[in-house]
Amino acid sequence: MTTSEQASAPTMITGPASPTPVCWVNGSWTSMSEYGLTVATQGLHYGTGVFEGIRAYWSEQDTCAYIARLPEHVARLLESCRLVRIDLGLTASEIQDVIMELVERNAFSGDLYIRPVAFKSRLGPGTPFGVGLNGVEDLFAVYATPMPRRERLATLRCGVSSWRRTPSDCVPARAKITGSYVNVALAVDEARAAGLDDAILLNTGGTVSEASTTNVFAVSRGVLVTPSLDSDILAGQTRACVLEIAGDLGMTTTERPLTVSELYTADEVFLTGTGHEVVAVGEINGRPIGDGSPGPTTAEIFDTYRSAVLREVAGHHHDWTTKVLLPESPQPSVAPSEGVA
Ligand SMILES: Cc1ncc(COP(=O)(O)O)c(C=O)c1O
């Protein structure tokens, strides 16, 4: 496995899995292998859906999982839903309970990636065929898949994409809208075709927006800089944690528009996201960042973030994680699917 392949490791499904994984679909627990969707699903046609990506870390010491930033992810999911008129019919705390129960029911004992997804499903009675948000039923599902943490800080080779980040006045970047990920898919495809790990996208104003599924940070002359929220970025949960960690460590941080030339000349560049956590960028468009290996600030941020989400230091940001207790006895059998597809 090359460094590049190792760097992409979190997208692989490996590790301990529940033998019969269950997911939650519109109020029922159902088997992952049994659930199907109709080809008439509206969100599939028009990208009218929203989702979240949430990580749970397994603690050997406490023999339980801890979910990172659970209330914050659920709050962002609900905001995304409001933008595309999806009504989950659940409160934030009920959604958190579903996610916790999902982890419990699957009795996973390893790191996980949890995917809540909500989308427009069937045209309601009297709603004409075609694009729209009103009069279309909503479907909300949550499932999880093993995603082991990386053993150490990874280094990615990136390129600046020829695809610009969709401007927020066209599709709001602050929301995780399924359809908007075509933008990212094109950029990732271009990067991989060029033998790179990931793409950094500029916004239509020509400044740095974000990488495919991560926020961008640069260390320049002792200052940690990240594109401001008006740079057509997703306000990442990991980004928020890193800004807080940097403050704790006494670093000067700035959120402002960032140019590509600043990336090329930065001492360090790193990316942050739930799946990738913190990863170093070793080169951009064939130009080494620093000496091409992770710099000291990136390494310190990676270590501190990891130890916070793994609750390694007593009292240190324990409010970032929510404890999930595994059931002592097996859960009752899965309810049959309601056939909502
Ligand atoms: C487009 C995009 N930007 C940034 C991020 C990082 O956000 P977070 O740290 O909340 O995972 C993600 C991942 O959710 C993303 O999809």
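Modeller: Terms first: helices (H or I, at least four residues) and strands (E, at least two) are DSSP runs, numbered from the N terminus. This is a predicted model, where local features need pLDDT of at least 70 and side-chain atom pairs count only at pLDDT 80 or more, while totals for chains, interfaces and linings use all residues. Residues are numbered from 1 along each chain as its sequence is written.

Biologist: How many helices and strands are there in the chain?

Modeller: The chain has eight helices and 17 strands.

Biologist: And what is the mean pLDDT of the chain?

Modeller: The mean is 90, and 89% of the residues reach 70 or more. pLDDT is the predictor's confidence in each residue, from 0 to 100. Over residues 1-16 it is below 50, and it stays under 50 over residues 335-341. Where pLDDT is low, the predicted coordinates should not be read in detail.

Biologist: What share of the chain counts as buried?

Modeller: Of the 341 residues, 41% do. A residue is buried if 20 or more other C-beta atoms lie within 10 Å of its own, exposed if 12 or fewer, and partly exposed in between, with C-beta atoms placed from the backbone.

Biologist: Now the ligand. Which residues come nearest?

Modeller: Gly236, Gln237, Thr238, Gly273 and Thr274, out of 13 residues around the ligand. A residue is near a molecule or strand if its C-beta atom, placed from the backbone, lies within 6 Å of it.

Biologist: Which elements give two or more residues to that shell?

Modeller: Helix H6 (237-248) and strand E14 (268-273). The largest share, three residues, comes from H6.

Biologist: How many polar residues are in the shell?

Modeller: Ten are polar, with two charged and one nonpolar. Here Ala, Val, Leu, Ile, Met, Phe, Trp, Tyr, Cys and Pro count as nonpolar, Asp, Glu, Lys and Arg as charged, and the others, Gly among them, as polar.

Biologist: Which residues of H3 are buried?

Modeller: Leu70, His73, Val74, Arg76, Leu77 and Ser80. They lie on the same side of H3 because they cover an arc of only 160 degrees around the axis. That arc is taken over the directions from the helix axis to the C-beta atoms. An α-helix has 3.6 residues a turn, so residues three or four places apart point the same way.

Biologist: What comes just after H3?

Modeller: Arg85, with a positive phi of about 55 degrees.

Biologist: Which other residues have a positive phi although not a glycine?

Modeller: Glu277, at about 60 degrees, and His317, at about 55 degrees, are among them. Glu277 is found in strand E15 (residues 277-284), and His317 in the loop between helix H8 (296-309) and strand E17 (321-324).

Biologist: Buried or exposed, for Glu277?

Modeller: Glu277 is buried, with 24 other C-beta atoms within 10 Å. His317 is partly exposed, with 18.

Biologist: Last one: where does Ser212 lie?

Modeller: In the loop between strand E10 (208-211) and strand E11 (215-220). Ser212 is buried, with 23 other C-beta atoms within 10 Å. Not counting residues up to four places away in sequence, Ser212 touches Val184, Ala187, Val188, Asp198 and Ala199. Contact requires C-beta atoms, placed from the backbone, to lie within 7 Å.

How values were computed. Contact = placed C-beta atoms within 7 Å.
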